[in-house]
Amino acid sequence: MIWNDKNVLVTGGAGFIGSHLVKRLLDLGSHVSIADDFSRGRRKNIEPFLDEIQLHTLDLTKPENCIKATKGIDYVFHLAASVGGIHYIKKENVGGSTPSLLMNTNMMEASRINDVERFLFTSSACVYREKTSELNRFKEEDAYPANPHTTYGWAKLMGEIQCKSYYLDYGIKSSVVRIFNAYGENENLDPRWSHVIPSTIRKTILYPKEELKIFGDGTQERAFLYVKDCVEGLILSMEKIEDAEPINLGSEELVSINELTKKIITLSGKEIKIENDLSAPPGTHKYCADTTKMKKVLGWSPQTPLSEGLRRTYNWALGELSVGQ
């Protein structure tokens with residue numbers, strides 16, 4: 001698949017994963033456009049290459065904006081969504097679904113109208129529900145019968161179905177990627193939105209001004225995917241999958257939240273007492289991606305060990321938060 005001189009749109013391109021994806025596409029020689037309303041994305045994330053891209057500051061819940069953004073576009077990476085950490089998606093029911101459902105529908109229909117050649121939809125591990133109290137190593141088929149914990153997960157599943165429908169009815173070559181626990185530089189550090197790694201890093205850097213509390217008892221287990229590995233997986237998925245069959249994108253390097261927290265504290269060099277918030281939603285207890293299909297179809301697996309990814313992310317966050325210290 002040729003990327004050089006292709007017109008590529010990244011929705012949510014000023015966000016966490018999107019900004020890294022935009023940088024990688026520019027390195028591949030693509031002409032990149034971003035569609036973002038900056039409700040979550042940051043101009044700072046794209047400032048290093050702002051002169052190299054076309055920026056559409058648009059609300060993608062409006063169909064006419066999606067048609068405008070996709071005009072003349074060859075490939076679409078649809079990352080824009082209403083999302084946050086577990087504390088956000090557990091309480092936001094309408095907010096966790098309606099904007100995403102509108103954006104997904106509008107973007108796929110706009111891609112049909114403007115004859116987009118390829119479309120990638122970013123789904124999530126939130127489409128799964130645990131089936132055991134032991135480790136859940138989710139295979140793609142485990143998403144059905146469907147029973148996500150949150151409206152966010154339901155919106156992602158509906159987006160997958162829509163993506164498959166547009167492939168079957170209109171022949172738009174489509175990829176569906178279920179991302180598991182991506183982390184890294186440019187992730188949101190705001191405690192209202194942040195996921196476990198940026199949240200813990202923020203609390204560690206600001207300690208003792210902020211307490212270091214973790215959700216649940218800390219025995220929850222996860223496998224985290226470094227953002228630059230995630231980007232490579234997205235690009236390979238666009239290249240190698242066109243029938244909208246979903247694929248997991250994740251790591252199998254498991255760690256408990258307690259172990260993760262200790263790794264981050266070690267990076268800080270501080271003596272910190274960990275506290276547990278047992279009233280907070282802990283999320284799925286133990287899970288990771290079954291990466292069998294990913295390895296077979298993409299011929300690839302993540303390359304960045306958790307220790308290295310955490311080091312890079314911590315150093316980035318240190319620079320981000322230094323002004324406030």
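Q: In what order do the seven strands of the open sheet stand?
A: The order is β3-β2-β1-β4-β5-β7-β12, and the pairing is parallel. Strands are DSSP runs of E with at least two residues, helices are runs of H or I with at least four, and both are numbered from the N terminus. Two strands count as paired if DSSP finds at least two bridges between them. The model is a predicted one, in which local features need pLDDT of at least 70 and side-chain atom pairs count only at pLDDT 80 or more, while totals for chains, interfaces and linings use all residues. Residues are numbered from 1 along each chain as its sequence is written, and side-chain values use heavy atoms, with hydrogens and water left out.

Q: Which strands stand at the edges?
A: β3 (54-57) and β12 (243-249) do; each has a single partner strand, so one side of each lacks a neighbour in the sheet.

Q: How many bridges join β1 to β2?
A: Five bridges join β1 to β2 (residues 31-36), and the two run parallel. V8 stands opposite V32 in β2.

Q: And which strands does α6 lie across?
A: α6 lies across β5, β7 (173-179) and β12, and runs at about 155° to β5. Such angles run from 0 to 180 degrees between N-to-C directions, with axes fitted to C-alpha atoms, for helices over the stretch in contact; contact means heavy atoms within 4.5 Å.

Q: Changing topic: how many salt bridges are there?
A: The structure holds 16, a salt bridge being a side-chain nitrogen of Lys or Arg within 4 Å of a carboxyl oxygen of Asp or Glu.

Q: What does the salt bridge between K6 and E117 tie together?
A: The N to O distance in this pair is 4.0 Å. K6 lies in the segment before β1 (7-11) and E117 in the loop between α5 (98-113) and β5 (118-124), so the pair ties together parts that are 111 residues apart in sequence.

Q: How exposed is K6?
A: K6 is partly exposed, at a relative accessible area of 23%. Buried means under 20%, exposed over 50%, and partly exposed in between, with a 1.4 Å probe and protein chains only. E117 is partly exposed too, at 34%.

Q: What about E109 and R112: how far apart are their closest N and O atoms?
A: They are 2.6 Å apart, in a salt bridge. The two residues are three apart in helix α5, and about one helical turn separates them.
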